[in-house]
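I opened this notebook to record what I looked up in one structure. The entries follow the order in which I took up each topic.

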Amino acid sequence: MKKVLILSTALSAVAFAAQADVALLSWGGAYEKSQVEAYNKPFTAETGIAVNTSAADNPATPIKAQVEAGNVTIDVADVEYADAVRLCDEGLLEEFDDSTLPAGADGTAATEDFLPGALTDCGVANIVFSTVYAYDTSKMKEAPKTIADFFDTTKFPGKRGMRKGAKANLEMALMADGVAAADVYETLSTPEGVDRAFKMLDKIKKDVVWWEAGAQPPQLLADGEVAMTTAYNGRIFAAAVAEGKPFETVWDGQVYEYDMFVIPKGAPNKDEAIKYIQFATGSKPLADQAAWISYGAARKSSGTMYPLYNDGKTEMAPFLPTAEANLGNALASSYEFWVDHDTELNERFNAWLAS
């Protein structure tokens with residue numbers, strides 16, 4: 001019996017050793033921390049497969065470069081929805097079989113349990129995140145309340161932080177100029193609508209500090225470099241709750257969307273990558289991530305499983321983009337629009353920035 005036990009243990013050790021590590025490319029900061037705690041550590045404990053995480057300002061960029069160069073070192077990447085669709089259309093991602101995903105915690109099949117649009121040919125959504133704006137309450141005499149306030153440097157003086165790119169900025173500019181959320185993409189699909197958005201950006205251009213990485217906006221606020229900044233909602237939550245910063249989120253005019261897990265074409269450890277995505281996008285891991293950052297889960301069954309924040313006292317639901325109170329004037333980012341117009345609008349943006 002003892003020999004059998006020793007042999008079994010030895011075989012298990014060999015099986016674990018034979019499994020390659022998973023190289024995960026994500027976004028760094030508080031978001032990466034949430035993935036490490038909710039996904040990576042439990043996955044390694046269950047499978048013996050280590051997860052090595054690295055960060056990029058936008059993981060879609062190195063994926064494209066690596067696949068086109070035929071030198072792929074990334075197994076799994078976390079990318080924005082429009083990038084997942086675009087990279088898939090360009091043949092740069094492995095297709096993913098949705099039928100291999102685990103059922104929801106309540107037994108619902110994965111294809112029914114994920115939120116609408118959360119499963120694509122090459123991607124599996126994990127979170128619903130939002131681009132919002134925030135301010136330092138200790139430095140504002142009057143609290144801004146609307147997206148129009150962000151663009152009003154007369155009533156609310158001071159520098160503004162904005163992500164260096166067209167996406168979300170153009171949508172927010174139009175909503176600030178009075179365009180209803182339901183009409184934003186119809187408006188932005190016309191030359192006149194694009195001009196209108198850039199005219200709003202013109203109003204604050206000289207006051208903008210541009211950021212590129214998600215960890216930058218909270219730091220800009222903390223350092224007093226800006227009075228307000230657009231940011232990913234989870235980054236502001238982490239700074240306010242985990243670090244005690246006097247930051248307040250303004251949900252009016254938020255632009256929300258999915259982030260997705262994808263596997264680059266030619267990933268060296270594709271089998272392990274599939275196992276990782278299957279585990280990480282289960283009901284419980286997706287819900288558990290909210291204990292570390294205020295992003296909503298892409299599964300319906302996760303909605304009843306949200307834990308308290310890791311401080312043991314903060315209810316997470318009110319801080320999620322999908323909370324009813326936060327959706328009053330919210331816009332679902334259109335991946336169809338950005339797949340079609342990303343190149344031309346970013347060329348226009350870069351030319352505008354340089355002028």
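**Entry 1. Confidence**

I noted at the outset that this is a predicted model. The protein averages a pLDDT of 93, and 95% of the residues score at least 70. Over residues 1-17, however, pLDDT stays under 50. For this stretch I found two contacts beyond four places in sequence.

**Entry 2. Helix 3**

I asked which residues of helix 3 are buried. Within helix 3, which spans residues 60-69, I found Ala60, Ile63, Gln66 and Val67 to be buried. I looked down the axis of the helix next: the buried residues of helix 3 fall within an arc of 130°, and they therefore line one face of it. I set beside this a general point: an α-helix has 3.6 residues a turn, so residues three or four places apart point the same way.

I then turned to the opposite side. The face of helix 3 that is turned away from its buried side carries Thr61, Glu68 and Ala69, which are exposed.

What do the buried residues of helix 3 pack against? I recorded three elements as their packing partners: strand 3 (76-80), helix 4 (81-89) and strand 8 (247-262). I also looked at the residue that comes just after helix 3, which is Gly70, and noted that its phi is positive, at about 70°.

**Entry 3. Salt bridges**

I looked up the number of salt bridges, and the count comes to 17. As background I noted that side chains of opposite charge can pair when their charged atoms come close.

I checked the accessibility of each partner. Lys33 is partly exposed at a relative accessible area of 41%, whereas Glu37 counts as buried at 17%.

The next pair returned me to helix 3. The side chains of Glu68 and Lys64 form a salt bridge of 3.0 Å, N to O. In helix 3 these two residues stand four residues apart, so they too are separated by about one helical turn. Glu68 counts as exposed, with 54% relative accessibility, while Lys64 is partly exposed at 27%.

I then examined Arg299 and Asp113, whose side chains meet in a salt bridge of 2.7 Å, N to O.

**Entry 4. Strand 4**

I asked how many residues of strand 4 are buried. Of the 14 residues of strand 4 (residues 123-136), 14 are buried, so the strand is largely enclosed by the rest of the structure.

I then looked up its pairing with other strands, and listed the following.

- Strand 8 runs antiparallel to strand 4, and twelve bridges join the two. Here Tyr135 stands opposite Glu248 of strand 8.
- Strand 7 (residues 228-232) pairs with strand 4 in the antiparallel sense over five bridges. Val132 has Ala231 in strand 7 as its bridge partner.
- Strand 9 is also antiparallel to strand 4, with two bridges between them. Gly296 in strand 9 is the residue opposite Val128.

**Entry 5. The disulfide**

How many disulfides does a search of the whole structure find? I recorded one. It joins Cys88 to Cys122, with an S to S distance of 2.0 Å. The link of Cys88 and Cys122 is right-handed, with 55° about the S-S bond. The two cysteines connect distant parts of the chain, 34 residues apart: Cys88 lies in helix 4, and Cys122 lies in the loop between helix 5 and strand 4. I closed the entry with their accessibility. Cys88 counts as buried at 17% relative accessibility, and Cys122 is buried with a relative accessible area of 2%.

Definitions and conventions
Residues are numbered from 1 along each chain as its sequence is written. This is a predicted model: local features need pLDDT of at least 70, side-chain atom pairs count only at pLDDT 80 or more; totals for chains, interfaces and linings use all residues. Side-chain values use heavy atoms; hydrogens and water are left out. Buried means under 20% relative accessible area, exposed over 50%, partly exposed in between (1.4 Å probe, protein chains only). The arc is that of the directions from the helix axis to the C-beta atoms. Contact means heavy atoms within 4.5 Å. A salt bridge is a side-chain nitrogen of Lys or Arg within 4 Å of a carboxyl oxygen of Asp or Glu. Two strands pair if DSSP finds at least two bridges between them. A disulfide is a pair of cysteine sulfur atoms within 2.5 Å. pLDDT is the predictor's confidence in each residue, from 0 to 100.
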